[in-house]
Amino acid sequence: MPVNTDKQGTSYSLPRPYEVSREAVAEFALATNAKADYHFETEAATALGYLDVVAPTTFSVIIAQKSEAAYISDPESGIDFSKVVHGSEQFSITRPIVAGDSLDATTHVDGVRASGSNAMITTRTEITDAAEQPVVTVTSTIVVRGDGE
């Protein structure tokens, strides 16, 4: 297993907050076929009590993957991205993401284990707002294929 198991227990953070824009919300909504008016129209979102347009529930994957990239691209991780296969993704949502949010993310490497010649890696990314309040937790599992796979 080429992946460095000593990285289990480490954390990686975004270098700066992710600023959620109306454009990013609309683009993600279109890409995921989310058609609700509150993803595109501020008036529809404010009528529901939100400050601005509401991101689709899986929008947080954009932020989580930016944070996870710091771990995956760390030369000490031993991860060859060309051998990475997505395993699973889970979202625990505390509150919806809305345009105007300034979000921080910290990825925790919760598990690194061998499975045959492959490595199974579980990360947990905690996304918080500018007040350091929880917004979403994204738990992800990736498989790093071993040699000959």
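Q: How many aromatic pairs does the count come to?
A: The model is a predicted one. A pair of aromatic rings is described by the distance of the centres and the angle of the planes. Here the count comes to 3 aromatic pairs.

Q: How is the pair of Tyr-12 and Tyr-71 classed from its centres and planes?
A: The ring centres of Tyr-12 and Tyr-71 lie 5.5 Å apart and the planes meet at 45°, so this pair is tilted.

Q: Is Tyr-12 buried or exposed?
A: Tyr-12 has 12% relative accessibility and therefore counts as buried, the cut-off for that class being under 20%. Tyr-71, at 1%, also counts as buried.

Q: How do the rings of Tyr-18 and Phe-59 lie, by centres and planes?
A: Their centres are 6.2 Å apart and their planes stand at 65°, so the pair is edge-to-face. Tyr-18 belongs to strand E2 (residues 18-19), while Phe-59 sits in the loop between H2 and H3, 41 residues apart. Both Tyr-18 and Phe-59 are buried. Together with Phe-28, these two residues form one aromatic cluster.

Q: Which residues of H3 are buried?
A: An α-helix has 3.6 residues a turn, so residues three or four places apart point the same way. In H3 the buried residues are Ser-60, Val-61, Ile-63, Ala-64, Ser-67, Glu-68, Tyr-71 and Ile-72.

Q: Which residues form a nonpolar patch on the surface?
A: The patch consists of Tyr-38, Leu-48 and Tyr-50, which together have about 270 Å² of accessible area. Of these residues, Tyr-38 lies in the loop between helix H1 (22-31) and helix H2 (42-47). Its relative accessibility is 31%, so Tyr-38 counts as partly exposed.

Q: Where does UniProt place the feature "domain: FAS1-like dehydratase"?
A: The UniProt record, an unreviewed entry, places this feature at residues 14-137. In the model, the chain over residues 14-137 is 23% helix and 33% strand. The end C-alpha atoms of that stretch are 15 Å apart.

Note on methods: Residues are numbered from 1 along each chain as its sequence is written. This is a predicted model: local features need pLDDT of at least 70, side-chain atom pairs count only at pLDDT 80 or more; totals for chains, interfaces and linings use all residues. Side-chain values use heavy atoms; hydrogens and water are left out. Buried means under 20% relative accessible area, exposed over 50%, partly exposed in between (1.4 Å probe, protein chains only). Helices (H or I, at least four residues) and strands (E, at least two) are DSSP runs, numbered from the N terminus. Patches are made of residues with over 30% relative accessible area and no salt bridge: like charges are joined within 9 Å, nonpolar side chains (Val, Leu, Ile, Met, Phe, Trp, Tyr) within 5 Å. Accessible areas come from the Shrake-Rupley method with a 1.4 Å probe; for residues, only the protein chains shown count as cover. A salt bridge is a side-chain nitrogen of Lys or Arg within 4 Å of a carboxyl oxygen of Asp or Glu. UniProt positions are given in the numbering used here, feature names are shortened, and annotations may be inferred rather than shown by experiment. Rings of Phe, Tyr and Trp (its six-membered ring) pair if their centres lie within 6.5 Å; planes under 30 degrees apart count as stacked, over 60 as edge-to-face and the rest as tilted.
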